[in-house]
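Subject: Structure handover

Hello,

Here is the structure I promised to pass on. Please open it alongside this note.

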Amino acid sequence: MRKLLITGGAGFIGANFVHHWMGRYPEDEITVLDALTYAGVRHSISDYESRDNFRFVHGDIADEALVADLFQRHGFDTVVHFAAESHVDRSIHGPGAFVHTNVTGTHCLLNAARESWSRQPDSFAGKRFHHVSTDEVYGSLGENDPAFTETTSYDPRSPYSASKAASDHLVRAYHHTYGLNVTISNCSNNYGPYHFPEKLIPLTILNILHGKSVPIYGDGKNVRDWLYVTDHCRGIELILDNGEAGQTYNIGGECERGNLDTVNALCGIVDRLFREDAVLAERFADAPPAGGGEAADLVTFVKDRPGHDRRYAMNIDRIRNELGFQPRESFDSGLEKTVRWYLENEDWWRPLLDGTYEAWIKTQYKSG
């Protein structure tokens with residue numbers, strides 16, 4: 001039985017990882033530490049809060065006293081570190097929060113793990129600190145450039161990606177300097193259930209349902225490698241079980257698509273589902289397909305954002321060859337699952353859009 005600390009476990013990828021891990025290893029002991037900033041949705045993992053082997057702690061990963069106390073009280077042997085500020089636009093307008101969480105917070109966790117584990121008789125043996133990072137630390141690719149590998153030089157272009165690059169370097173330094181058993185995964189763009197509605201795919205889905213414009217930066221030809229979030233969770237599990245300490249593994253979906261192509265695919269799925277289910281037109285009367293129109297009519301091109309990376313692509317040969325990872329979801333199947341999830345889980349996203357979530361969540365839970 002493992003004792004896991006999952007940081008950012010109420011966020012998008014973290015919550016999906018909690019669901020994945022509890023399904024795979026229901027006897028393991030899990031502590032989720034999350035600051036519940038705007039994108040942390042505690043309700044995403046509320047199904048587990050009644051279990052004796054699950055606890056939620058509302059707190060900041062940069063709170064040294066809190067983090068040290070959690071290690072002392074719960075004896076973690078595994079850390080899976082998702083907690084991060086991750087929205088590029090927000091980092092442009094307010095970079096300080098990104099340095100605080102992504103750099104200072106990561107250092108706090110590393111230091112607590114080192115101090116806690118080094119006091120034990122077996123020291124770092126059997127322990128693992130896994131750090132979840134991003135492909136954005138590698139910079140931007142040209143149209144014909146080869147995909148990022150684990151040895152690609154870092155070239156971050158935004159305050160967000162620079163803060164993640166800094167945290168990656170700290171993790172590696174704790175391995176080389178102190179012998180901490182660490183692994184890093186750099187993932188491509190995730191999508192799927194529980195995705196906060198500010199990112200491209202959930203924003204597109206929900207704007208269509210409400211008949212609002214779907215904004216596309218620049219010419220819409222910025223390319224991303226899309227990874228269904230459950231595939232990402234499977235990749236992290238493989239690294240935790242069999243990954244080599246001190247190593248980095250790229251996790252991608254091998255699904256390169258331009259942003260405009262992604263939006264058009266989503267529009268097509270929504271249009272089709274409305275044709276197949278007349279009830280959707282009653283639930284979402286403002287959506288263009290509810291009145292016989294097309295979702296793509298909502299697409300609007302807007303001024304490109306500063307420092308907008310042109311293309312990301314991931315070479316996943318290492319994790320495939322060494323650990324047997326292979327994405328299970330195609331882009332089409334993953335998008336279909338994602339759209340259907342948002343249609344079937346209005347009770348999850350509705351409070352996030354109408355501003356009632358913060359007040360509502362206080363009536364549901366007490367901070368642990």
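This is a predicted model: local features need pLDDT of at least 70, side-chain atom pairs count only at pLDDT 80 or more; totals for chains, interfaces and linings use all residues.

The largest nonpolar core has 41 residues. Phe17, Ile45 and Phe54 touch the most other members. Several elements supply at least two residues each, including strand 1 (3-7), helix 7 (229-242) and helix 10 (317-323). Helix 1 gives the largest share, seven residues.

Now helix 1. It has 13 residues and reaches 19 Å from first C-alpha to last, close to the 18 Å expected. Of its 13 residues, 11 are buried, so the helix is largely enclosed by the rest of the structure. Phe17 is one of the buried residues. Phe17 also touches Leu4, Ile6, Val80, Phe82, Cys233, Ile236 and Leu240, leaving aside residues up to four places away in sequence. The cover over the buried residues of helix 1 includes strand 1, strand 2, strand 3 and helix 7.

Next, the strands. Strand 1 and strand 2 run parallel, joined by five bridges. Thr7 has Leu33 of strand 2 as its bridge partner. The chain goes from strand 1 through helix 1 to strand 2, and this β-α-β crossover is right-handed. Five bridges also join strand 2 to strand 3, again in parallel. There, Val32 is the bridge partner of Phe56.

Strand 2 itself is mostly covered, with six of its six residues buried. Glu29, Thr31 and Leu33 point one way, while Ile30, Val32 and Asp34 point the other.

Best wishes

How values were computed:
Residues are numbered from 1 along each chain as its sequence is written. Side-chain values use heavy atoms; hydrogens and water are left out. A nonpolar core is a set of buried Ala, Val, Leu, Ile, Met, Phe, Trp, Tyr and Cys residues joined through side-chain atoms within 4.5 Å. Buried means under 20% relative accessible area, exposed over 50%, partly exposed in between (1.4 Å probe, protein chains only). Helices (H or I, at least four residues) and strands (E, at least two) are DSSP runs, numbered from the N terminus. Contact means heavy atoms within 4.5 Å. The expected span of a helix is 1.5 Å times one less than its number of residues. Two strands pair if DSSP finds at least two bridges between them. A crossover is right-handed if, with the strands pointing away from the viewer, the path from the first strand over the helix to the second runs clockwise.
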